[in-house]
Amino acid sequence: MERNNGTPDTDYILLGLFPGLQHIGLLVYLILVIYLTALTANSLLICLIWVDSHLHMPMYFLLSQLSLIDLVYISSSVPKMIINYSLGKYSISRIECAVQMFFCQTLGGAECILLTLMSYDRFVAVCNPLCYPLVMSPKVCLLMTVVSWVGGALNSLIQTIYTMHFPVCGLKEINHFFCEMPAILKLSCEDTSDYEMTVVVVCIVFTLIPFSLIMASYIRIFFTVLRMNSPDGKNKALATCSSHLTVVGLYLGTATVVYMTPGSSHTPELDQGLSMIYTILTPMLNPIIYSLRNKEVAKALRKILERKCTLM
């Protein structure tokens, strides 16, 4: 492949997961298993929520949107990575790279917004249960979904266009398994420090502010739960909230390190490891965590399995 300095029409080279690491094939096969698990679990959870009328509630509607985001999110990077490894072909065109970056940024931003709105849903449900049907009406839930997707898409469109406009010098080798913005910026001939400061500001909006709002919601929830007289109600509330906080910690914590700290302060290997957590591991864990810790979801799954056994 021809690699000219600064020419926009040449392909990038995705070096893939941890270049030079021995037995990388085992890691790729493990990621394939994780991907298939995430694909199955998220699809199953979406189907359960839409089929079972008992799950037609705001919390589960938002959860179905989270599963949809995770489904597309993990599919934006993993299939391309596995195909590249299997065929031994690591090139990706400039347009393909931009499209992949756009989808990953869109879904990442949408998930940040949605996790914040889900914490607000739990705050209203636990702290103001009498107002819950009015506050979390179907129209409000739909609006929350639209805000998540549109907010993520608009931010991603701006970030993708601006990132891809920087000229690239030398070998266009991306030390990553997908086209992630920090990895692309490292290839630029120009000084990107001013833009990286803008990225930090955007990350404050999409990670630190959501994290602060989520923590504020759960602090209020925690003190409300402590005053509950019903042990069952207390356990149910704590189980739901702890599941949500686990997802938030895994997702926002790792993304903050990658996007809000200077690229020179951490290695490409660390970036890849952290990226694997929020792009591959979290999409698999989300449906599993919510399913195992949620009695309604488990009950809906048992009902469908029993129905299938009866038909057989």
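Reply: Two strands pair if DSSP finds at least two bridges between them; strands (E, at least two residues) and helices (H or I, at least four) are DSSP runs numbered from the N terminus. The model is predicted, so local features need pLDDT of at least 70 and side-chain atom pairs 80 or more, while totals for chains, interfaces and linings use all residues. Residues are numbered from 1 along each chain as its sequence is written, and side-chain values use heavy atoms, without hydrogens and water.

Strand S1 (residues 12-14) pairs with S3 in the parallel sense over 2 bridges, and Leu 14 stands opposite Ile 174 in S3. The open sheet has 3 strands in the order S2-S1-S3, with mixed pairing. Strand S2 (91-92) and strand S3 (173-174) are at its edges, each with a single partner strand, so one side of each has no neighbour in the sheet.

The patch on the surface is made up of Phe 211, Met 215, Ile 219, Phe 222, Phe 223, Leu 226, Leu 238 and Leu 245, with about 690 Å² of accessible area together. Patch residues have over 30% relative accessible area (1.4 Å probe) and no salt bridge, and nonpolar side chains are joined within 5 Å. Phe 223 sits in H8 and is partly exposed, at 47% relative accessible area (partly exposed lies between buried, under 20%, and exposed, over 50%).

H8 and H9 also meet in the lining of the largest cavity, where helix H4 (94-127), helix H6 (138-164), H8 and H9 each supply at least two residues. A cavity is space where a 1.4 Å probe fits on a 1 Å grid but cannot get out, and lining residues have an atom within 4 Å of a point. H4 gives the most to this lining, with 6 residues. The lining has 22 residues, and Gln 105, Gly 108, Gly 109, Cys 203 and Tyr 259 lie nearest the centre.

The loop between helix H7 (181-185) and H8 holds Lys 186. Lys 186 forms a salt bridge with Asp 271, at 3.3 Å from N to O (Lys or Arg side-chain nitrogen within 4 Å of an Asp or Glu carboxyl oxygen). Asp 271 belongs to helix H10 (residues 268-293), 85 residues from Lys 186. Lys 186 is partly exposed, at 43%, whereas Asp 271 is buried, at 7%.

Definitions and conventions:
Patches are made of residues with over 30% relative accessible area and no salt bridge: like charges are joined within 9 Å, nonpolar side chains (Val, Leu, Ile, Met, Phe, Trp, Tyr) within 5 Å. Buried means under 20% relative accessible area, exposed over 50%, partly exposed in between (1.4 Å probe, protein chains only). On a 1 Å grid over the protein atoms alone, a cavity is a set of points where a 1.4 Å probe fits but cannot get out, and a pocket is an open set with protein on both sides within 12 Å along at least five of seven lines; lining residues have an atom within 4 Å of a point.
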